[in-house]
Amino acid sequence: MREVFAVDLEALYGGSFVNWEAVGESWQKRTLPSRMLLIRARAYLERSGRPELPERVEIISRASLPEEIRRAFASPPEPEDEDTSSAWGDFIDAALVAELEVVSYGERPPILQELRAGLEKAAEEAGERTPLGRWFLARRDALPGRDLPDDTGYLPV
């Protein structure tokens, strides 16, 4: 019998699927996606005005990132605030792109497949018509690689 696990919707909405240490590595390498992340962080902070959560400050404390990115990560909006939530989604999308910039090409397809499946499950659990469900679907739709094969067992040449 297959064991089914519930998705931690709050953690996923908070960007738990982003490897912030890899994002910091991308920042150190001065990649274009890392600079775009800074722009998205600034745009989010302009709309947000939310206080930083101490537990989120701790999560990102080891990553070598500018203060604006840290502040943005530490202050996620409520999913019901769709305008701010949209800017938050843009920020999380940009963080994922910066992370993927330092992931080898061969590792990307399985990561993207897993992310896509997880975001679909999260949207299903949240209710696809709810603000949170729509947010998860928008993140899924923003992922690159729709042209990749369904079977993640292949070896790229």
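Residues are numbered from 1 along each chain as its sequence is written. Because the model is predicted, local features require pLDDT of at least 70 and side-chain atom pairs count only at pLDDT 80 or more, whereas totals for chains, interfaces and linings use all residues; side-chain values use heavy atoms, with hydrogens and water left out.

The protein chain comprises eight helices and zero strands, where helices (H or I, at least four residues) and strands (E, at least two) are DSSP runs numbered from the N terminus. The order of elements from the N terminus is accordingly α-α-α-α-α-α-α-α. Of the 157 residues in the protein chain, 45% are buried; buried denotes under 20% relative accessible area, exposed over 50%, and partly exposed the range in between (1.4 Å probe, protein chains only). The accessible surface amounts to about 9,200 Å², and carbon and sulfur atoms contribute 51% of it. Accessible areas come from the Shrake-Rupley method with a 1.4 Å probe, and for residues only the protein chains shown count as cover. Among contacts (heavy atoms within 4.5 Å) with a separation of 6 or more in the protein chain, 72% link residues 24 or more positions apart.

The largest nonpolar core contains 39 residues, of which Trp20, Ile69, Phe91 and Phe136 touch the most other members. A nonpolar core is a set of buried Ala, Val, Leu, Ile, Met, Phe, Trp, Tyr and Cys residues joined through side-chain atoms within 4.5 Å. Two or more residues of this core are supplied by each of α1, α2 (20–28), α3 (32–48), α5 (67–73), α6, α7 and α8. The largest share, nine residues, comes from α6. Beyond its neighbours within four places in sequence, Trp20 is in contact with Gly15, Ile60, Ala63, Leu65, Ile69, Phe73, Phe91, Ile92 and Ala95.

Two packing arrangements involve α2. Packed helices are described by the angle between their axes and the distance between the axes. Here the axes are lines fitted to C-alpha atoms, for helices over the stretch in contact, and angles run from 0 to 180 degrees between N-to-C directions. For α2 and α3, the angle is about 110° and the axes are 7 Å apart; the two helices are therefore roughly perpendicular to each other. This term covers angles of 65 to 115 degrees, while those under 35 count as roughly parallel, those over 145 as roughly antiparallel and the rest as oblique. The packing of α2 with α6 has an angle of about 70° and an axis separation of 8 Å, which makes α2 roughly perpendicular to α6. In this second arrangement, Trp20, Ala22, Val23 and Ser26 of α2 meet Phe91, Ile92, Ala95, Ala98 and Glu99 of α6. In the loop between α2 and α3 lies Arg30. The phi of Arg30 is near 60°, a positive value in a residue other than glycine, and this residue is exposed, with a relative accessible area of 67%.

Helix α7 has 19 residues, which at 1.5 Å a residue should span 27 Å; the end C-alpha atoms are 26 Å apart, in agreement with that expectation. The expected span is 1.5 Å times one less than the number of residues. Buried positions in α7 are Arg108, Pro109, Leu112, Gln113, Leu115, Arg116, Leu119, Ala122, Ala123 and Ala126, and the buried residues of α7 pack against α1, α6 and α8. After α7 comes Gly127, with a positive phi near 95°. Helix α8 (residues 131–142) has twelve residues and reaches 16 Å between its first and last C-alpha, close to the expected 16 Å. Its buried residues are Leu132, Gly133, Trp135, Phe136, Leu137, Arg139 and Arg140, which pack against α1 (9–13), α6 (82–100) and α7 (108–126).

Within α7, Ala122 counts as buried at 0% relative accessibility. Not counting residues up to four places away in sequence, Ala122 touches Val7, Leu9, Leu12 and Phe136. Ala122 and Tyr13 are 109 residues apart along the chain, with their C-alpha atoms separated by 9.3 Å. Val7, in the segment before α1, is partly exposed, with a relative accessible area of 21%.
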